[in-house]
Amino acid sequence: MLDFLGDLQRTHKCGALRSSDSGKKAVLMGWVNRRRDLGSIIFIDLRDRTGVTQVVVNRELNAAAHDKASSLRNEYVIAVIGTVKQRDANTFNKNIPTGEVELVVDELRILNESKQPPFLPGETVLPNEEMRLKYRYIDLRRDAMQYNIEMRHKVTKAIRDYLSEQGFFEIETPFMTRSTPEGARDYLVPSRVQPGNFYALPQSPQLFKQILMISGFDRYFQIARCFRDEDLRADRQPEFTQIDLEMSYPQLQTVYSVVEGFVSAAFKIAGHEIEANFPRMSYDQAVRLYGNDKPDMRLPAMVDIREALTPEELEELAAKFKIRKEFPIQLIRIPKAGDISGTERRTIGTYGAYQHVQGPSFVQLMTDPKRFAKDYPAISDKVLSFAKVEADDLWLFAAALNRPESPTVMDQSVQHFCEKCGFLRLDLAQKYVERHGLFKKTGDSSKDYRFLWVTDFPMFEWDKAEKRWNPAHHPFTSLHEEDMAKLEANIDSVHDPKSPLGEIRALAYDVVLNGTELGSGSIRIHRQDIQKKIFQALGMGDEEARARFGFFLEALEYGTPPHGGIALGLDRIVMILAGADSLREVIPFPKTARAVDLMVDAPTPVGEKQLKELGIQIKAQ
């Protein structure tokens, strides 16, 4: 027989009681986390999101309550009224904050029963992820998930508070807008009242936040829901949340300071003190030194040892190994990972991401320090000193083979070669992370957080499939003033892969943490004449531009102030702070890698009547 709650109100949460509460009357409510029946005495661990309190039901003191307690099972919902009592010192539970007290029950009410769950929130061995997502309401009761969602709340609040104090208005932008296909695919929403027409769910609030600047709001932010119909990974979801902001009249430093401020606030609320004034590095520097545009600064940069060699020494090395001396000879160093076996040294590169760097344009010159010192006594010490190699480091050289005629060489550019070396650098680091503890454990309060601004991205990128230049960021990104002449001189070379369009730098920037891109932004184009030139350089005529972005282009004609902004992934930030391996660990109701919600069984087919109202017919693919 279940009980009604009636007018009973709880006085304390399950994680709140302490020794100072001894002798007080208390009302607790929550789930049965565990029941231990010792005959005349039944112990119940009562749980809510704040913690667990031990509840004691003694048959000699209250036979009716004892009879009810005998019927309890895991995850029953109950209310207990009783007196807080200090536990005997030898029975203290030091693993929980409430471990010095217990609640002796005067009355017990069973508010609801529970079927036997497919898994219990207190189990240490988790079921597979599909089971967890199907029964997400059980999974979310686990301490780890409660912690993650609480962390998400605190981080979001800290960001909101900071931006509000900096004069930003939180303004909501539409969920249903027009489709402007670019980048990822849109999720489309059919209109019943406008047959044959569709809304699109926003991939970002980009155009709306720029219009807010035209509207005079000066500083806008939003914890925005965004939607992208794209293939998923551990760090991708079809619907996600980003910290979106825009401001009028900003210098780059203005954007950097605001972002560093709210990121610092978010990390502080999670127990991590970080320094603002993140270092900055151009896109070209990042690729040359680290092999990618989101460098993991916990690892040393690659070092081009040509700078340590005389012209004669470089000629000798290039001739011996048949390498291209005009390309970097990169020394890749992994700290404190040098105690690997000879076999491992010989087989470096046969695992993981090394598949990205194999090929005739790439070669390892040396992985054995003793052999190198023996074969090259004249240059060994100065090269290793130049690269700051220490005795217990793992290091190797990487160079480009001098075989440009090979048909399998896809790209002979220095940038492509550096990117290959960057793959190898990260792959080696990942292989030896566990063995040598190169990175501190995820979630450790002393974790080594290395932030970085990457700046001056290319304005355009070459699309090999389409054989044309596309915007590297989006077509509303401004360029460096000093590159304007280069744009105007090459404005009609959209289909020329050798066009200097690829040399034009955007006023775009990414904020990166430990090799993960947290967010991306730019100073925007606020002038109609420049926007028209960018569209022209992309091969987009006036008619196409108006068809795709007409409402925005018209708004630009009404006194648009200079403006810029950024968007950072909230899910990704919380994932890092929570020490999680997947975004699904910090999103209450995520989708699977197949974009399926297992709990509600979505997406699902809809009935013929609904389709007919929308004017939609489903065709087999």
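These legends go with several close-up views of one predicted model.

A quick word before you look: local features here need pLDDT of at least 70, side-chain atom pairs count only at pLDDT 80 or more, and totals for chains, interfaces and linings use all residues. Residues are numbered from 1 along each chain as its sequence is written, and side-chain values use heavy atoms, with hydrogens and water left out.

**View 1. The whole chain, before zooming in.** You're looking at 17 helices and 21 strands; helices (H or I, at least four residues) and strands (E, at least two) are DSSP runs, numbered from the N terminus. The C-alpha trace spans about 95 × 75 × 55 Å along its principal axes. Of the 621 residues, 49% count as buried, where buried means under 20% relative accessible area, exposed over 50%, and partly exposed in between (1.4 Å probe, protein chains only).

**View 2. Helix α4 meets helix α6.** Here α4 (residues 143-165) and α6 (residues 252-269) pack at about 145 degrees, with their axes 8 Å apart. Axes are lines fitted to C-alpha atoms, for helices over the stretch in contact, and angles run from 0 to 180 degrees between N-to-C directions. Touching residues (heavy atoms within 4.5 Å) include Ala158 and Tyr162 of α4 and Gly261 and Phe262 of α6. Sorted by class, this contact has ten nonpolar residues, two polar and one charged. Ala, Val, Leu, Ile, Met, Phe, Trp, Tyr, Cys and Pro count as nonpolar, Asp, Glu, Lys and Arg as charged, and the others, Gly among them, as polar.

**View 3. Helix α14 beside helix α15.** Now find α14 (residues 528-537) and α15 (residues 542-556), which pack at about 155 degrees with their axes 12 Å apart. That makes α14 roughly antiparallel to α15 (under 35 degrees is roughly parallel, over 145 roughly antiparallel, 65 to 115 roughly perpendicular and the rest oblique). Among the residues in contact are Gln531 and Phe535 of α14, along with Arg546 and Phe549 of α15. The α14 contact with α15 has five nonpolar, two polar and three charged residues.

**View 4. Glu307 out on a loop.** Glu307 sits in the loop between β12 (303-304) and α8 (311-321). Glu307 counts as exposed because its relative accessibility is 60%. Glu307 and Ile573 are 266 residues apart in sequence and 39 Å apart in space, C-alpha to C-alpha.

**View 5. Two tucked-away cysteines.** Cys14 counts as buried, at 0% relative accessibility, and Cys226 also counts as buried, at 0%. The chain's disulfide count is zero, using a pair of cysteine sulfur atoms within 2.5 Å as the rule.
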